[in-house]
Structures are given as structure tokens and as C-alpha cells.
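I opened the notebook to go through this structure piece by piece. My entries follow in the order I looked things up.

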Amino acid sequence: MDLISNPQRHAPPVTFVIFGASGDLTSRKILPALANLARAGSIGKDFSLIGIARSELDDQGFRELIEKAVGSPCPEFEEIISRAQYVTGEYTHPDTFVALREALEKASGVSMGNVTYYLATIPEMFGEVASELNRAGLTKPEGDNFIRLVIEKPFGRDLQGAQVLDDTLHKAFSESQLFRIDHYMGKENVQNLLALRFANAIFEPIWNRRFVDSVQITVAESLGVEHRGGFYESEGALRDIVQNHVMQVLALTLMEPPSRIEADSIRDEKVKLLHAVEIMEPDQVGDRVVRGQYLGGIIEGKQVPAYRQEPGVSPNSTTETFVAMKLNVDNWRWANVPIYVRTGKRLPARVTEVAMQFQRVPHLSFSSKLSRDLRPDMLILRIQPDEGVSLNFGVKVPGPEFKLQSVSMDFSYSDVFPEPPADAYERLILDALIGDATLFIRSDEVRQAWRIVEPIQKSWADNGEPLSTYDSGTWGPVEASRLVQVDGRSWHLS
Ligand code: BG6
């Protein structure tokens, strides 16, 4: 099944089983997404819901939890809620899976034996749950039925951990049953990269080293770590954002055209691209990667604390909340085109974008005085917020002189499509129910992304976690500006 072969986008009969049903992700993202899918008519009377968690709840308690998470009344979801079942138990205990089997049997009259499991537990439980499901004989579909497992990042903590997790998952499920979520792939304008590049004749011919000077990918957040300090301490920006979200955006931006817009064609191209990213030598990391942590500062007029003062964070923490790096892609299309990426918390704004800077004309016929305000041409894909595309180029300033200035031609999704985009989870959960793996991460993609990140982790560990600092509300440490300045460039947002 692919993006275009199921235009109605209606899920087949299915039982949706949430592991971690009483947790934050379930209430914040999964249940509201399911309610919206019911509202849109994408799931209906043949959809059943089972929640599993350690918290002591009964079916009625779970139904109340769902109603609370959904918030506003949703008549289309009520019937599904009224049949929802809950299993209390340890994820490592066989009894839990005996109870799950009974619940599945009860639901199967409606959902015809199709099952989608969703792992919303702590990551340490991913492998355990998959193994227990396997031991209980709940992973192999019969006949034309399907059984799938949706799993959230982090996919391991390093290359080896990812491999161990994959081996465990593959003992229980085949790769085609696994749907690894990276919620950035559910964002409209990430998918729009495919449309922009491969549905238009004007961009692809210049999408290469002959015309592109450099590429910048920025994933900036104005929020700090909020209530996730404890989790974030052992994570850091490299693992939390670069290994997954940044690598996905980078792969879609730079990959070769897939022969078809379908799961494996796209994922093959992403893997090829990630494989072409140059792996840094340990002695290159110091020059090419900047690692930072936020101090206190002012964001949107409000004083905010330093990372080390956040709840759950050690006062001596060396965890990075900012990373900037320069990557190279060793292939014919991108040789010698620097790819700058950066991500950070407590930056001045929440903005994710890809900015492609084009080369200057070979010879500028205008005097340097007249062209002083001419910036390099740039194509900017705004992934969030204010999803859209801008093209910056030079024009003549009206008047007697031939003075040049850069201007921007803007397309904003909201101007043309007033309906706000669906939440990424809504899109991705429906895709998993339908069986469309196009926007999900294949196991070899995960490995390739770790391959790029691992030498950086290692170099930091060997060199005592070098750390720069930056005031909250600024664009990161000065070293991040220097990273591009030494190459004669500047960040598009700074
Ligand atoms: C998550 C990270 O994957 O993405 C968070 O764990 C981060 O730290 C979040 O805040 C950002 O997502 P979005 O959709 O708000 O850009």
C-alpha cells in the first residue's frame, strides 16, 4: 500500500493496542489523534481499542481516561470508547499477555483479527514487549490478516544499541510488520519536499553542486527541556534531534529522485544518501561540530532559567542542548557542498527550515557599491511554523541608480489552504493502520543515521564532553557562528 493507492484513506478493521496506555504520550498525542481520525471518518465501527499499562485501572477507568484526553465531545468516537478494554500488568510478565489474548479475542469479532500494537512505553521496554508478544504467540498473522508494531524513537542509544534492539524486534516481527515513527515525517512540509523536488521541473535541474553553494538545516526550539529534564539529561540534542529528525529532513532534501513515491523506493534513496554522508574522523569533530548548553536569558520578554537549573537536571550537567555541525555528502550531486545543520533549545524562536543557498553569478556586472545589499539567492522551505516556501533573489531598486536589493517571494500554506494541517501523529497512525510504510523509518535508515552520529558521540566522550554555552534567547554559542563564518558564510537565521 502506498501514498496514492488508497485515496479514501480509510483504515481497515483493526484492534489498536496501546502499551503505555496511562502515560503522557498516549493522552497527549495518540488518543486525540484517534479521536480526530474518528471525526474524519477514517476509523469507524470496526475499530477496537485496548490499553495496557502497569497502572491499576479497569475498563471504565480507561474509558474515562480516553474521554479526558480527547477533551471536547466526539460523537464519532463514543462507540469505540464504550467498547475499549484495559489490561493491567507488567510488560515482562506472561500473565499480562494471557489477559491481552483474551481482550484481543473479545475484540476480534469487530476487527477481524487484524492488530496494530503501539509502543508508547519507556524505551527500555521496547524489546521486552516485543519478546513477550512473540512468546505469547501474538505476533504472527493468520491468512490475510495483519499484525503490526508501531514504535517510537529512540531506536537505541548508539549504533550497537540500535542493532541489539533491531535483532530483538526481528525475532518477533518481520521488517514489513514494523512501523518506526519519526514524527517529523508526518509534518506536511517535510512531505512537501517530495512535491517541491519531484513534481516541478524548475527545481531539480539546479538541485546540485553546480548551482547550490551550501545547505542549512535548522531545527530551533524556544522551549527549554520543560518537565523532561530527567530524560533529557542522558539524551542531549545529538541523540534527541540530530540522529532522527535532522537526518530524515537531510535525507529527503538531498536524496536522488525515487522511481516511485512508495515506501521502498523512497527509503532506498534515503539510505543511499545517508550512506554517502562522510563519517567524521575523531580529530575532525572538534573543528566541525559545536556542542552547547543554554544559560539563563530572556525569551519573548520572559526571564528563563539556565539548563542546569531546570528540574531533574544536575547542577553540573554537561548534557548538550545545542549542536551545530558541518557535514559533507560524498557523491556526484553534492561533492564539496557544505551541509550545515543545527538544533537547539531556548533559541529565539521555534522554527524548522531548510535553507538552500545558491552560488553567486560568475561575474557581477554591477559595481560593488550598487550591489552592496544583494544577498545570495536562497530557497527556504519552512517546515514549521508558518509552513511555506520562500525564494529570495535580487531586484533593481526603483530609481535612477541601478541599485540592487534582495527580496523574497513567499508561499504560505495558510494563505492557500485555510484548513490547518493535521497533527503529524494523526497522519502517521492512519498510515500505520492502512499499512503504508512510506513515512516510516526502515531499520537500515536507523543504522545509517547512527553511523553518522556515533563518531561524534565517541569523540565527545573521549575528550571530556567539550561544552560551549549560550544565553537563552540567542542563536547558540559564538562557535556556531564561527563554524559558518570561517567558510565565508552566515546562518540564514541569526
Ligand atoms: C521530540 C524531542 O522528538 O521532538 C523533543 O524529543 C522536541 O525534545 C520535539 O521538543 C520537537 O518536536 P516539534 O514537533 O515540536 O518540532
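Which residue in strand 4 is the bridge partner of Ile 18? I looked it up in the model, which is a predicted one. The partner is Tyr 118.

**Entry 1: the sheet**

I then checked the two strands as a whole. Strand 1 covers residues 14–19 and strand 4 covers residues 115–119. They pair in the parallel sense, and I noted five bridges between them.

Next I traced the sheet around them.

Helix 5 came next; it spans residues 126–135. I listed its buried residues: Phe 126, Gly 127, Val 129, Ala 130, Glu 132 and Leu 133. In an α-helix, residues three or four places apart point the same way, because there are 3.6 residues a turn. I kept that in mind while looking at the list.

What do the buried residues of helix 5 pack against? I found strand 1, strand 4 and strand 5, together with helix 4 and helix 6. After helix 5 comes Gly 137, with a positive phi near 70°.

**Entry 2: cis peptide bonds**

I looked at two prolines. The bond from Lys 153 to Pro 154 is cis, and its omega is near 5°. Pro 154 sits in the loop between strand 5 (147–152) and helix 6 (159–172).

The bond from Gln 384 to Pro 385 is also cis. Its omega is near -20°. I placed Pro 385 in the loop between strand 13 and strand 14 (388–396).

**Entry 3: positive phi**

Asp 386 belongs to the loop between strand 13 and strand 14. Its phi is near 50°, a positive value in a residue other than glycine. Is Asp 386 buried, partly exposed or exposed? Its relative accessibility is 42%, so Asp 386 counts as partly exposed.

I found Glu 465 in the loop between helix 14 (443–462) and strand 16 (468–472). Glu 465 counts as partly exposed because its relative accessibility is 29%.

Which residues make the nonpolar surface patch of about 340 Å²? I listed Val 361, Leu 364, Phe 366 and Phe 402. I followed up one of them, Leu 364. Leu 364 lies in the loop between strand 12 (351–358) and strand 13 (378–384). With 34% relative accessibility, Leu 364 counts as partly exposed.

Last, I checked Ile 261. Ile 261 is in the loop between helix 9 (236–254) and helix 10 (263–276). It counts as partly exposed, at 28% relative accessibility. I also took a distance from Ile 261 to Asn 208. These two residues are 53 residues apart along the chain, and their C-alpha atoms are separated by 21 Å.

Conventions. Residues are numbered from 1 along each chain as its sequence is written. This is a predicted model: local features need pLDDT of at least 70, side-chain atom pairs count only at pLDDT 80 or more; totals for chains, interfaces and linings use all residues. Side-chain values use heavy atoms; hydrogens and water are left out. Two strands pair if DSSP finds at least two bridges between them. Helices (H or I, at least four residues) and strands (E, at least two) are DSSP runs, numbered from the N terminus. Patches are made of residues with over 30% relative accessible area and no salt bridge: like charges are joined within 9 Å, nonpolar side chains (Val, Leu, Ile, Met, Phe, Trp, Tyr) within 5 Å. Accessible areas come from the Shrake-Rupley method with a 1.4 Å probe; for residues, only the protein chains shown count as cover. A salt bridge is a side-chain nitrogen of Lys or Arg within 4 Å of a carboxyl oxygen of Asp or Glu. Buried means under 20% relative accessible area, exposed over 50%, partly exposed in between (1.4 Å probe, protein chains only). Contact means heavy atoms within 4.5 Å.
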